Amino acid sequence: VTTTPKPTSPLPSRAHCTSSGDPHIRTYDNTRFDNQQCGTFLLTQLVDFDRTLFSVATRQYRDPASGRAVSVNGQVSVRCGETQFVAAARADGSYAVGLVSPDGSVGPMAGSDWLLGTHAFGSGVSGVLVTKQQQSAQRAQYTIECRTFGASVSLSTYLWGLSNTIFMNVGVNVPGTFQRRTTGLCGNYDGINDLTGTSVAQYNDLWQLPLFEPAAFPNWADFAHV
């Protein structure tokens, strides 16, 4: 008899998923594993009637200078309804963040010279807020708030050891309305171990996207690592 695993306790009212370091994944349900492949991966997605309402994708690359056979996050795509941003770590440790236009081009918001503080896109409760906090000359953190859905994404860059490999840590915070409705490496927010019935390698492969998938990453070659 096949039984379906059930959560052992009530689901939390909010959930948090992270992709950090090289990269270490922690899902909404607190399952932890590594994904050290190169490629483009769907971190999380909320779809309603074949329309993507909210999504986060990461592009992982391997820096030859590090001498390590692992990858890190080099680009991140964030979609909040019809508004999409792409962020990339740059060689000097700064960010490049761009607002994506309907034709797939990025700008004119691209660049690491955004003013500090909060910038609004759209209006009212359906808008998107982007907040930049400068942590040092070569480190900044952005928070993208998708107010329509009550979700937020944090992006921050770091320098890795003596090789000065640039990578981004990504954090996704979602409300209880996302429970059992999400897909991607972050899992489906149902209180069950996301690796139940599968291996880490199979799970990572399941959410790998075509490397140059336009829906995830518009052409932004100036800042691309892969």
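Cysteine 17 is buried, with a relative accessible area of 0% (buried means under 20% relative accessible area, exposed over 50% and partly exposed in between, with a 1.4 Å probe and protein chains only). Residues are numbered from 1 along each chain as its sequence is written, and side-chain values use heavy atoms, with hydrogens and water left out.

Two disulfides are found, a disulfide being a pair of cysteine sulfur atoms within 2.5 Å. One of them joins cysteine 17 to cysteine 186, with an S to S distance of 2.0 Å. Cysteine 17 lies in strand S1 (residues 14-20), whereas cysteine 186 sits in the loop between strand S14 (182-183) and helix H1 (200-206), so the pair ties together parts that are 169 residues apart in sequence. Helices (H or I, at least four residues) and strands (E, at least two) are DSSP runs, numbered from the N terminus. The link of cysteine 17 and cysteine 186 is left-handed, at -80° about the S-S bond. Cysteine 186 is also buried, with a relative accessible area of 0%.

The other disulfide joins cysteine 80 to cysteine 146, with an S to S distance of 1.8 Å. This pair links distant parts of the chain, with cysteine 80 in strand S6 (residues 72-80) and cysteine 146 in strand S11 (residues 139-146), 66 residues apart. Cysteine 80 is buried at a relative accessible area of 6%, and cysteine 146 is buried at 1%. When the bonded cysteines of the chain are numbered in sequence order, the pairing reads 1-4, 2-3. Cysteine 38, in turn, counts as partly exposed, at 33% relative accessibility.

Turning to the aromatic residues, a search of the whole structure gives three aromatic pairs. Rings of Phe, Tyr and Trp (its six-membered ring) pair if their centres lie within 6.5 Å; planes under 30 degrees apart count as stacked, over 60 as edge-to-face and the rest as tilted. Among them is the tilted pair of tyrosine 28 and tyrosine 189, 5.9 Å centre to centre with 45° between the planes. Tyrosine 28 lies in the loop between strand S2 (24-26) and strand S3 (32-34), and tyrosine 189 in the loop between S14 and H1, so this pair ties together parts that are 161 residues apart in sequence. Both tyrosine 28 and tyrosine 189 are buried.

Phenylalanine 54 and phenylalanine 178 form an edge-to-face pair, 5.8 Å centre to centre with 65° between the planes. The two residues are 124 apart, phenylalanine 54 in strand S5 (residues 51-61) and phenylalanine 178 in the loop between strand S13 (165-175) and S14. Both phenylalanine 54 and phenylalanine 178 are buried. Beyond its neighbours within four places in sequence, phenylalanine 54 is in contact (heavy atoms within 4.5 Å) with residues including Cys80, Cys146, Val174 and Phe178. Of the 40 residues in the largest nonpolar core, Phe54, Val56 and Val174 touch the most other members; such a core is a set of buried Ala, Val, Leu, Ile, Met, Phe, Trp, Tyr and Cys residues joined through side-chain atoms within 4.5 Å.

The mean pLDDT (the predictor's confidence in each residue, from 0 to 100) of the chain is 77, and 66% of its residues reach 70 or more. Over residues 108-116 pLDDT stays under 50, and over residues 218-226 pLDDT likewise stays under 50. Where pLDDT is low, the predicted coordinates should not be read in detail.

Key. This is a predicted model: local features need pLDDT of at least 70, side-chain atom pairs count only at pLDDT 80 or more; totals for chains, interfaces and linings use all residues.
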